[in-house]
Structures are given as C-alpha cells and as structure tokens.
Amino acid sequence: MTKQTSSNRINSTWLVLLLIVLLCAASAAIGDYYAEKSKTLTVAFYTGSSWDAPSGKPYQMIDYAIKKFHRKYPDVKIQYETGITKKDYINWLSGKIVSGQTPDVILVPDENFATLASEGVLASLDRFIDSDKLDTSNFYQPLLSSDRYLGAQYALPYEANPQLMIYNQSLLEKYGLPSKLSKPTVDEFEAISTQLSKVKGKKLYGTTSDFNWYNAAAAYQDEPFNISDRRINLTSSRFSKAIKLMQQLYANAGNMNVTSDLFDEGKVAFEPIYLAQYRTYTSYPYHVTRSYNFQVDCCQMPSLKGSSSTSIESSSWGIANSSANKRMAWQFIQMLCSDQELQQKLMASSTGSSVLKSVVQSRATAKVLHQYGSDSQSLNNWQLDNLLKSGKLAPRFKEYTEVVNLLNSRLNTALQNGDVDTELYDIQTDVNNLLK
C-alpha cells in the first residue's frame, strides 16, 4: 500500500466524520426548530380583575391573546386551568411549584413579585429583551422599574391601577373654597378640611378615612421603607409632618370613621379612589350628581408643590425559571405586555389601565374614559398619562404585606387614642424586629 493511498483513506475517513458531525448538528437544529414549533405552554393566572372588580368575562383577554398568538405560532398549544380566584391563586401556584409542575408563564400580582423573584421562581428576562431588542421606552418607567429585582428584569408590566382623588365640587363652591383642582398641595388639602370642619351647624368633613398614613407620607415625599437596609424609619422629619397631617384630619373629623357613604351624601370634600373603582361602575362616581344634586370632579392626590404622590398597583407577566420553553414563553408574555392592539383591547375591556404610553395617549383611550363622566368632569387620557408617568409603586420585599398590616393596625390605633407621638418609636422597633 502506498503512502498516497493511506493518506487518501485517512482524508476520506475525516471527511466522513465531518459529514456525520454536520448532519448531526443539522438534525439537532431541525429537531430543536420543530420541537419549538410544537411546544405546549402552560399559563398560570387567576380569573377576573387584579383589583377585585367584578368581571362578566373573566377569560376574555387571555383567550383573545391565545387566539392572536396561534396566528403566528399555529403549532404551539397553550393550556391554563379555569376557576382559580385571586384569593386562592398564590396557594394554588405554590402547590404547583412544590410538586414540580410550575407553569411556564406566570401572572404576577405586585404584592407577590418580590417573593417569586427572590425565591428563584422567576427567570431573568434581560437576555430576551436584549436579543429581541424590545423597546422598553414605551412602557411607563415606574411600572417597568418595579419589575426589577437585584438589577435584573424579572417580569414585564401588564396592567396598572393608579390612585386619584375625586372631590365634591359643589360643596367647595358653596363655602367659597377652591373648586377647580388638578393637583392640590398638602397645605390646600389640609386647609379645605379644616375650614369645612368649622362650618357652624353642619357636620362636614375634608376627606374620607380612605386617606391613610401612607398617603400622607407620600404627600410629603417620604418613603419610610429602606429596602437595602431592611429597616423602616418613622422618626424622620418628613414622616413627622405626615403624622401631624393625619392628626389634624382626625381632629377635624372628631376622630370619626368617615365613610364613602358620607361622601355620597354630599358631606365630604375628598375621596381617594383607584382607577379600577372609578371604572367599575359606569355611573360611579357621577351617580351622586343625580342622586344628591352635586358635581364631582377628579384630581391627583395632594402632594408638595412640584411633586407627585400617586400610588400605583400593577400586575405583570413572568417566566418560570424551571420552564423548558423559555423562548416561546417569552414570545407570549412579550405579546401580552407590548403588543399595542392587545393592550388597547385591555384598556377597553378591563377596569385598570394599559401599561403602554402609546395606548394611554391614543384617541381610542380618550373615548373609553369619556364614558365615565361629562366632558368637563371625566378623567381624560392625558390626566391618566400624568398619573402613570409620575406615580410610584409600593416597595417590593417579601414581608411587605405583613409589615403594612402591622403598621395600619398600630398607627390607626395610636391616632385614634391620641398617643401616636409617644408610640412611634415602639412601633418602629417592633416593625424592624420583624424585618430582621
């Protein structure tokens, strides 16, 4: 056998091996492609509204989204379980996680985001955002930022629920008080409450008791929660001002629980309300103008001049860290959250707000909001746009709900008993011990 023949055989062998490797790689790529095309996605979500508002068509949006997704990915199956209420949702989801059956796509209520992210349930979305060059600038930044954890994006915002203030315009006009408000200052808010409480022979109130200590702290631009240090500060100068405001409001109301029914009766100037409440009943809050013959308008929550104290609730979509279908799951949540046509439909059919600037600012949204009041009194889309641009979401940490419940109980009791100044340090200590 010649050296040339041996060399040719060796070259042929390497060529065959190379072809085998290339064929295997091609087969794997083709297999991955068709596997991706035929995957089944499981989706975790609860029926109805994220804001406990009635919903006659609880599956309307998810079914519409699935139908739209199937047009682009006809071989992908999407499955979800029905009948899960928001109240039972986290327990149901926890059961799925423990049993190793975590759904691929997860609807994330804002109060549960920190827990799901910190426990490793949610996957980081950064690589998908970068690879698909998703334009995140169309999201309202407070909403997008709230879905970040330890510097990474773990969910995309889906729906928002900002807080606003409705007020009895007729009552304010009757007593010579400012009656065209867009963004009242804290001083204006407190002065109106005090002056109404001094009207002789009348039991009138500045605000319902839905205005709470957290609203007061936000009005003075105080954030008592320090997430990085896992501590709360109730002894700052700003929180002290918030407590003084609450003491004044309590005194003006005679330490009485001022209900929304009293607002409906025309005896209260202000009522804090979330957008979902505002939209739930088509005639509310304007039904009171017919029943009690007074005009109602809406404005932002009171704050220091030049600042905002709007609180926002939100819901988001994330991907399970354990999902074997992350790329397809990403395509689905990207559509749910960033597709303008789908978000516009959400704006019309839900009680909350779209999370996209282009949708909120659209003419279609202006028409949607117009049905909730007269030309001069309905919340318009530019007001909603301002609420979402400047609003803030509550801090996100695992014990948030437990901490807030404790603070609500202790602070409200102290305010009612008139000893809040002496109780503040003890309340702060107890909360910080809980956070250790």
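A: Here's a quick chat about the fold, the salt bridges, a charged patch and some backbone angles.

Q: What should I know about the model and the numbering?
A: It's a predicted model, where local features need pLDDT of at least 70, side-chain atom pairs count only at pLDDT 80 or more, and totals for chains, interfaces and linings use all residues. Residues are numbered from 1 along each chain as its sequence is written, and side-chain values use heavy atoms, with hydrogens and water left out.

Q: OK, how many helices and strands does the protein have?
A: There are 20 helices and 13 strands, taken as DSSP runs numbered from the N terminus (helices are H or I, at least four residues; strands are E, at least two).

Q: And how much of the protein is buried?
A: Buried residues are 50% of the 436. Buried means under 20% relative accessible area, exposed over 50%, and partly exposed in between (1.4 Å probe, protein chains only).

Q: Salt bridges next. How many does the structure hold?
A: It holds 12, each being a side-chain nitrogen of Lys or Arg within 4 Å of a carboxyl oxygen of Asp or Glu.

Q: Which residue does K68 pair with?
A: K68 bridges to D339, with the closest N and O atoms 2.8 Å apart. K68 sits in helix α2 (residues 60-72) and D339 in the loop between α14 (326-338) and α15 (340-349), so the pair ties together parts 271 residues apart in sequence.

Q: Are K68 and D339 buried or exposed?
A: Both K68 and D339 are buried.

Q: Switching topic: which residues form the positive patch?
A: R238, K241, K244 and K392. Patch residues have over 30% relative accessible area and no salt bridge, with like charges joined within 9 Å and nonpolar side chains (Val, Leu, Ile, Met, Phe, Trp, Tyr) within 5 Å. Helix α10 (residues 237-252) gives the largest share, 3 residues, and K392 is in strand β13 (residues 392-393).

Q: Last one: what's the phi of K133?
A: Near 50°, a positive value in a residue other than glycine. Most residues other than glycine have a negative phi. K133 lies in the loop between α5 (126-132) and α6 (141-146) and is exposed at 70% relative accessibility.

Methods:
Accessible areas come from the Shrake-Rupley method with a 1.4 Å probe; for residues, only the protein chains shown count as cover. Lys and Arg count as positive and Asp and Glu as negative; His and the chain ends are not counted. The place of a charge is taken as NZ of Lys, CZ of Arg, CG of Asp or CD of Glu.
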